[in-house]
Amino acid sequence: MSDGDNRSANLLASETAHLEEQLQGWGEVILAADRVLRWERHWFPAATIGAVSFIFLMIYYLDPSVLTGLSCFVMIICLADYLIPTLAPRIFGSNKWTTEQQQRFHEICGNLVRTQRRIVGWWRRIFALKEEKPKVYFLTMICILALVAWIGQQVHNLFLTYLIVSFLLLLPGLNQHGIITKYVGMIKKEIQKLLKQKEKKNE
């Protein structure tokens, strides 16, 4: 392993340890959420969709203004940040924290750090593209933003948000059970068949 790889691994370990320390009070809740998101029981996906649907139906029924909705959202985050570290050990029992749970918590924190790095890397690539190929950057951004604007115009914003949130919450379980890999493979096979058919027709 090169010096650069060693530095990167050490930095990843340091960031993971720092994140573990910051989220230690949320450990039990994070592990419980992880079990739900990875579909450890067959009814977890239905429960997740049901909870998300209930929340969005309440938002649709109450129809709060943007300022009210934002204020309530931040207020809930502040309450959770204050109450969960205090109540979680009493509810879940801190004396039940096992080596296996600690290992899983470490893996979750490591995955979060890697995800953050990927997002930062994508962001840097976008700015690098802007510097190196400004025309390509301009055309790509205009096309993507125009497509997003068109989708937003065709679909109600609350329903679109509901679909995005539902997909993001189901994504870990879909990955865990290989569903995405399965259907991506099927799509690739169909595309390859179409390309082969076109090649035969051209011949």
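Let me start with a helix contact: Gly27, Ile30, Leu31 and Asp34 of helix 2 meet Gln101, Arg104, Phe105 and Ile108 of helix 5. Sorted by class, this contact of helix 2 with helix 5 has four nonpolar residues, two polar ones and two charged ones. Keep in mind that what we are looking at is a predicted model.

Now the geometry. Two packed helices are described by the angle between their axes and the distance between the axes. Here helix 2, residues 27-37, and helix 5, residues 99-132, pack at an angle of about 80°, and their axes are 10 Å apart. Angles of 65 to 115 degrees count as roughly perpendicular, so helix 2 is roughly perpendicular to helix 5.

Next, the aromatic residues. A pair of aromatic rings is described by the distance of the centres and the angle of the planes. With ring centres required to lie within 6.5 Å, the count comes to four aromatic pairs. I will go through two.

One is tryptophan 43 with phenylalanine 44. Their ring centres are 4.5 Å apart and the planes stand at 70°, so this pair is edge-to-face; the cut-off for that label is over 60 degrees. Phenylalanine 44 has a relative accessibility of 10% and counts as buried.

The other is phenylalanine 56 with tyrosine 162. This aromatic pair is also edge-to-face, at 5.5 Å centre to centre and 70° between the planes. Phenylalanine 56 sits in helix 3, residues 44-62, and tyrosine 162 in helix 7, residues 157-176. The two are 106 residues apart, and the pair links distant parts of the chain. Both phenylalanine 56 and tyrosine 162 are buried. Together with Phe159, Phe56 and Tyr162 form one aromatic cluster.

Last item: threonine 16, which is found in helix 1, residues 3-22. Is threonine 16 buried or exposed? Its relative accessible area is 4%, and the limit for buried is under 20%, so threonine 16 is buried. What lies 2.7 Å from a polar atom of the threonine 16 side chain? That is the backbone oxygen of leucine 12. Leaving out residues up to four places away in sequence, threonine 16 touches His106, Cys109, Gly110 and Val113.

To recap, helix 2 and helix 5 pack at about 80°, Phe56 and Tyr162 belong to an aromatic cluster with Phe159, and threonine 16 is buried in the predicted model.

Technical notes. Residues are numbered from 1 along each chain as its sequence is written. Side-chain values use heavy atoms; hydrogens and water are left out. Axes are lines fitted to C-alpha atoms, for helices over the stretch in contact, and angles run from 0 to 180 degrees between N-to-C directions. Helices (H or I, at least four residues) and strands (E, at least two) are DSSP runs, numbered from the N terminus. Angles under 35 degrees count as roughly parallel, over 145 as roughly antiparallel, 65 to 115 as roughly perpendicular and the rest as oblique. Contact means heavy atoms within 4.5 Å. Ala, Val, Leu, Ile, Met, Phe, Trp, Tyr, Cys and Pro count as nonpolar, Asp, Glu, Lys and Arg as charged, and the others, Gly among them, as polar. Rings of Phe, Tyr and Trp (its six-membered ring) pair if their centres lie within 6.5 Å; planes under 30 degrees apart count as stacked, over 60 as edge-to-face and the rest as tilted. Buried means under 20% relative accessible area, exposed over 50%, partly exposed in between (1.4 Å probe, protein chains only). A polar contact is a pair of N or O atoms within 3.5 Å; within protein, one must be able to donate a hydrogen and the other to accept it, and residues adjacent in sequence count only if both atoms are side-chain atoms.
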